[in-house]
Amino acid sequence: PLPPFKSLAGPSFRSSCKMSGKAPGGAFDGLGNDEEAQRALLEKFKEPQHFLNLKDGKLPPEKMLEVDERQLVSAKEAELMKPIRVRFLQDGPNRTIDNKAQFPKVIEVPGVSAQETILDVRHKIANMENLPIEEVNLFAAETNLDDELQLSECYADWMGFGLEDWPPKLIVKSKVKGFEIHINVPPMRDTSDWDKGRLQQYQPLNLVFDVQPSTKVKELKFMLAGRISIPSSRHKLSAHIRNNLNSHGVYIDLDDDEKTMADYELDKYCVCIHFAKSSFDENGDYVFDDAFWDEGGYHAQPASAWIPKDSISDRNRPDANEVDPNQPLSIVSDRRAAEKN
């Protein structure tokens, strides 16, 4: 029988967990950094950015049609964009682009026009880096950029697509060695990000891995464990298989670690794989991988625990962070009083 224990992931934690929508560079994320980002924008744009010069309406027509020489020079110089910053994703089976991705190489591509296509930019990068064109595949965040797309179309005034910057910030992925498989990880405390007692990210993960038809299920779990830190022995994977366009497909459990992707026909018909964490070991016993209370008092997390300690909602525990995540970063009345002083 299991000893009585008190759950520490209660409603107070769930009520404080909001999907961040975290923007690149730490901009508006809805979790307390908005005020800082607003101050930065006010400082950046406190001076006029553009000046409009109007000619005197009483000038004769020939004078009105005269073009300022400085405007011609400026137009010629602005024909090309500023150098485009391109990052190269670290080569390996993990092809996920997120805030934990590694980019060992960064280059700038000069002399690019906004009328050029993605394919033109791929050729320029391939020539600069002496790479085959197949090894240069351009992405913006998780947005796949088709070859026919013009750079002038690679802008969206909406954070999350990776297209909110101009010139666009591009990412290079190498050629796929086998086939890409997507693993959906639901939002959970195990994969949440915390900083100084404050929740930074709590959201579903879409992880992408490059695997071969001969890759075994246990090898895929090992790759996944290296990304989310949850031991492979606790993984429960189910695959969405769709081999007929007239149906929504079926779900199968990948419960045999020795079987390969080809054995389950994942290389042919897999839509995605869904992840779940098992709370029990191979003997059916509950695994206490988190802190808990029982009749003996408080039991801290095991030393090998991967769950962020700050995500435990119980503020009465002796190892609780001094910062209460339920409290605002600042209070308006205190901030106004500080501004007056």
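**View 1. D193 and its partner K100.** D193 counts as buried, since its relative accessibility is 19% (buried is under 20% relative accessible area, exposed over 50%, partly exposed in between, with a 1.4 Å probe and protein chains only). K100, at 43%, is partly exposed. Their side chains meet in a salt bridge, 3.9 Å from N to O (the cut-off: a side-chain nitrogen of Lys or Arg within 4 Å of a carboxyl oxygen of Asp or Glu). D193 sits in strand β7 (residues 193-195) and K100 in the loop between β1 and β2 (105-109), so the pair ties together parts 93 residues apart in sequence. Helices (H or I, at least four residues) and strands (E, at least two) are DSSP runs, numbered from the N terminus.

This is a predicted model, so local features need pLDDT of at least 70 and side-chain atom pairs count only at pLDDT 80 or more, while totals for chains, interfaces and linings use all residues. Residues are numbered from 1 along each chain as its sequence is written, and side-chain values use heavy atoms, leaving out hydrogens and water.

**View 2. E129 and K105.** Here the closest N and O atoms of the salt bridge are 2.2 Å apart. E129 belongs to helix α5 (residues 118-129) and K105 to strand β2, so this pair ties together parts 24 residues apart in sequence. E129 is buried at 18% relative accessibility, whereas K105 is partly exposed at 36%.

**View 3. D290 and R189.** This salt bridge brings N and O to 2.8 Å. It links distant parts of the chain, 101 residues apart: D290 is in the loop between β12 and β13 (292-294), R189 in the loop between β6 and β7. Both residues are buried. Salt bridges with shared partners also join D190, R234, K277 and D289 into one network.

**View 4. Strand β5 and its neighbours.** L170 and V172 point one way from β5 (residues 170-173), I171 and K173 the other, and all are buried. β5 pairs with β1 (residues 84-88) in the parallel sense over 3 bridges (pairing takes at least two DSSP bridges), and V86 stands opposite L170. With β3 (residues 137-140), β5 runs antiparallel, again over 3 bridges; there N137 faces K173.

**View 5. Around F275.** The largest nonpolar core has 26 residues, and I181, L266, I273 and F275 have the most contacts inside it (a core is a set of buried Ala, Val, Leu, Ile, Met, Phe, Trp, Tyr and Cys residues joined through side-chain atoms within 4.5 Å).

Conventions:
Contact = heavy atoms within 4.5 Å. Lists of a residue's contacts leave out its neighbours within four places in sequence.
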